[in-house]
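Trainee: I would like to take a close look at a single part of this protein and follow how it sits among its neighbours. Could you walk me through it carefully once we have the structure before us?

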Amino acid sequence: MIRVTIMDEDRIRDIDEANMLKDITSMPDHIREAAEISKKVRLEGPFKSIFSVGMGGSGIAGELLGDLVDRVPVFLCRDYELPKFINKDSLIILNSYSGNTEETLACAKAALKTKANVLVITSGGRLLEMAKKHTWAFVNIPSGLRPRASLGYQLFSILCVLSNSGVVNLSTDIGKAVEALEKGSFKDKAISLAEKMKGRIPLIYSSPQYSSVAVRWKAQLNENAKIHAFANIIPEMNHNEIMGFTKLLAEHYVVFIRDEQDNKRIIERVRITKKIITNCGVDSTELVLKGSSKLSKMITAVHVGDLVSYYLALEYGVDPSVNHLIDEIKRELTK
Ligand code: PA5
C-alpha cells in the first residue's frame, strides 16, 4: 500500500475530491448557523419522553442528545416502526439529512397516528414536504453536505429548539462548545492516531456517559475510512469482549474515551483493562476529555474522531465522502 504523507497536498486533493476536510473543520460555522436558523422554532412542552428517529449520520445526533439530556429520557428509533409507548406527552424528532431515508419516512407516517409533538430536522426531500403539509415544527438545514458531515447543523438545531422550548438549558454551553472547537488544536493528535491505527482494527471503548461518542467514532471510521471498527462501553466490555484479547484474530488498536469525572470504579476499570490488553500485545491510547461542559467535551471528542477517520481514509487512499456500498443498498431497495 502506498503511504500518503499528509504533506502531499496534490495527493490529498486527488483522494478527497469533495473536500470532506473543509466540512469537518467547518463545524463551528455549522453550529453558529444552526443556532441562527433554529432560533424561532419553539415547541409546546413539557415532554415526558423524547424519541429520536434517524439512521446513520443523522441518527447519531439523537444518540449524542441522549448522552446530554438528563431531564427527559431519550429513546432511539432506528427502525421502520415507532415504539408503542409514544403518547401525547412525547416529542418525536424526525431527523434525516436527505429527507428521503425510508426508515425515517416510515416513522414519519407512523407519527401521524400518534398524538405526540413532532420536530423535523432535514435539508429537504419528502420529510420536509411532510413537515410543511402536517404543520410540524421543522428546521430546514442547508443541503450539499454528506449527512455525517452535517452533525453540527443537526445536533445543534435540535439542542437550540429544545433550549428555546425549555427542555434543556444549554445556551451558554453551546457558545463554549464552539469556542472549544475553535481554540483546540486537534490535527496533530488525529494524524498520529490515524498512523497508529493503520492496518489495525480500531476498538473504541468509552465510559457509559460517552457511549454516543464511541459510536460516532466507529461510524466515522466505517464510512470515511471504509474499515470495520467496533465500539463498546466500560464496564460492559469487562464482562465479555475483554475475553477476545485471548485469541486475537487480527491486529487491533484500542482507544479509551473517558472523563476525569467518571465514576472512580470506571477509571480503575480503564486502568486495569489497559494493563491487560497491553500484556496481550495490543496498543492503545487514552483520550481523557477536558472542557468546561459535557457538551464541549463531547463535541471536541467527536471532532477528534472525525479527523482520525479522515486522516485514516487518506492513509488508505480512499475518498472519505464516497459511500458506494450504502448507496448500492439504497438503489437496490428502490428498484
Ligand atoms: O453518513 C451517511 O451518509 C449515512 O450514514 C446517512 O446518514 C444514512 O444513510 C441516512 O441518510 P440520511 O442522513 O439522509 O437520513
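How many bridges join strand 1 to strand 3, and in which sense do the two strands run?

Mentor: This is a predicted model, and with that in mind we can begin at the pairing you ask about. Five bridges join strand 1 to strand 3, which covers residues 90-96, and the two strands run parallel. Within this pairing, Ile-50 has Leu-91 of strand 3 as its bridge partner. Strand 1 also pairs with strand 2, residues 74-77, again in the parallel sense and over four bridges, and here Phe-51 stands opposite Phe-75 of strand 2. To get from strand 1 to strand 2 the chain passes through helix 4, residues 56-68, and the β-α-β crossover made in this way is right-handed.

Now consider how strand 1 itself is covered. The strand spans residues 49-53, and five of its five residues are buried, a word that here stands for under 20% relative accessible area. In a regular strand the side chains alternate between the two faces of the sheet. In strand 1, Ser-49, Phe-51 and Val-53 lie on one side while Ile-50 and Ser-52 lie on the other, and with all of these residues buried, both faces of the strand are covered.

Helix 13 gives the largest share of the lining, namely eight residues.

Helix 10, residues 211-223, leads in turn to another part of the model, for this helix lies across strand 6 (201-206), strand 7, strand 8 and strand 9, and runs at about 165 degrees to strand 6. Those four strands form an open sheet in the order 7-6-8-9, with parallel pairing; strand 7 (230-233) and strand 9 (283-289) are its edges, each pairing on one side only, and the twist from one strand to the next averages 20 degrees. Strand 8, residues 252-259, is joined to strand 9 by seven bridges, and Val-254 stands opposite Ser-284 in strand 9. Helix 11, residues 264-279, packs on this sheet as well, touching strand 8 and strand 9, and its direction makes about 165 degrees with that of strand 8.

Definitions and conventions. Residues are numbered from 1 along each chain as its sequence is written. This is a predicted model: local features need pLDDT of at least 70, side-chain atom pairs count only at pLDDT 80 or more; totals for chains, interfaces and linings use all residues. Side-chain values use heavy atoms; hydrogens and water are left out. Buried means under 20% relative accessible area, exposed over 50%, partly exposed in between (1.4 Å probe, protein chains only). Two strands pair if DSSP finds at least two bridges between them. A crossover is right-handed if, with the strands pointing away from the viewer, the path from the first strand over the helix to the second runs clockwise. Axes are lines fitted to C-alpha atoms, for helices over the stretch in contact, and angles run from 0 to 180 degrees between N-to-C directions. Contact means heavy atoms within 4.5 Å.
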